[in-house]
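Dear colleague,

I am handing over the structure we spoke about, and below it you will find my notes on what was found. Please read them with the structure open beside you.

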Amino acid sequence: MTAGMAALASLPLHAAPTVFFDLETTGLDLRVGHRVCEVALLRMHGPTEVGRIDSLVNPGRLLDPAAAAVNGLNDAQLAQAPPFTTLAAPVVGLMQDAMLVAHNLPFDQAFLNRELTLAGYTLAPTPALDTLTLARRLMRQRSYSLATLATQFNLPAPSHRAMDDVRTLAALFSQLCSQMAELGIQTVADALRFERGLLPGAPEPEAPPLVAQALAEQRLLHIIYTSRSEGGPVARTVRPLYLSVETAGLYLRAFCYLRNDIRTFALAKIVQMDLDDSGFSIQNSEV
């Protein structure tokens, strides 16, 4: 963890500079070239708004019909919008030295990092929290969608337009912080540990040596993972993110290059692992 990240992590949740963000995209799959078509960021310091970005984005491609049906956007609107390259510098500036919060964070983060990479920018490492994961830790219900949680807490309903959803996200995060406070979770670092299934005072899980080394050195791992859904062991290259403690045991949260997505792997089902020696590191990754 960098000095800047450590300083942010030590702050109380209510005092940390926070950027709530949401994206609309032309489709769901980065692998087939889908792009960001709307971006909204809201930077808050306590209850005070200190900056925002709210813009349609020309994605340079057509909307997937399914995406258009959800967000209500159309190709003619987007053709008149600025490309993401003109927004990249303001986005990085607004996110600098702040905790990031999103709902289903890995999805938005993957698309955002891809756009920043294409524009020639890199977002410095910073603490980031996922309200979807936090809600799953705090309550038990049939759906954890932003719309369902908004109804649960009597919050303004999201609309699948980026800034509307950001406003709902910020209100939801405030509710989740109140629930976390009842468990003794006060600081950003406490919340980051809670995302991983650790309450204040709980010991850190002991990682297998190669996993610990990969995390410490920001290295990739080659693993062979036994998956019932895939009928047996499958070779994968993963970028470890963190270990989480679940009722069924210890899990590795990692970006899987086979699936081009964030996945969770039970350590007990990893039958072989080796460190990658190619020199590829987290800094080289687009996600």
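A crossing of two helices is called left-handed if the near helix is turned anticlockwise from the far one by less than a right angle, and right-handed if clockwise. Please keep in mind throughout that this is a predicted model.

With that term in hand, the crossing of α6 and α8 is left-handed. Helix α6 (residues 131–138) and helix α8 (residues 162–181) pack at an angle of about 35°, and their axes lie 11 Å apart. On the α6 side the contact is made by T131, L134, A135 and L138, while α8 contributes L169, L172, F173, L176, Q179 and M180. Sorted by class, these comprise eight nonpolar residues, two polar ones and no charged ones.

Is T131 buried or exposed? T131 has a relative accessibility of 0%, and because buried means under 20%, T131 counts as buried. Leaving aside residues up to four places away in sequence, T131 touches V101, A102 and H103, as well as L169, L172, F173 and L176.

Elsewhere, five strands form an open sheet with antiparallel pairing, in the order β9-β8-β7-β6-β10. Its edge strands, β9 (261–266) and β10 (270–275), each pair on one side only. Within the sheet, β7 (residues 232–246) and β8 (residues 249–256) run antiparallel and are joined by eight bridges, and the bridge partner of Y242 in β8 is R253. Helix α10 (residues 209–217) lies across β6 (221–227), β7, β8 and β10, and runs at about 40° to β10.

Note on methods: Residues are numbered from 1 along each chain as its sequence is written. This is a predicted model: local features need pLDDT of at least 70, side-chain atom pairs count only at pLDDT 80 or more; totals for chains, interfaces and linings use all residues. Side-chain values use heavy atoms; hydrogens and water are left out. Two strands pair if DSSP finds at least two bridges between them. Helices (H or I, at least four residues) and strands (E, at least two) are DSSP runs, numbered from the N terminus. Contact means heavy atoms within 4.5 Å. Axes are lines fitted to C-alpha atoms, for helices over the stretch in contact, and angles run from 0 to 180 degrees between N-to-C directions. Buried means under 20% relative accessible area, exposed over 50%, partly exposed in between (1.4 Å probe, protein chains only). Ala, Val, Leu, Ile, Met, Phe, Trp, Tyr, Cys and Pro count as nonpolar, Asp, Glu, Lys and Arg as charged, and the others, Gly among them, as polar.
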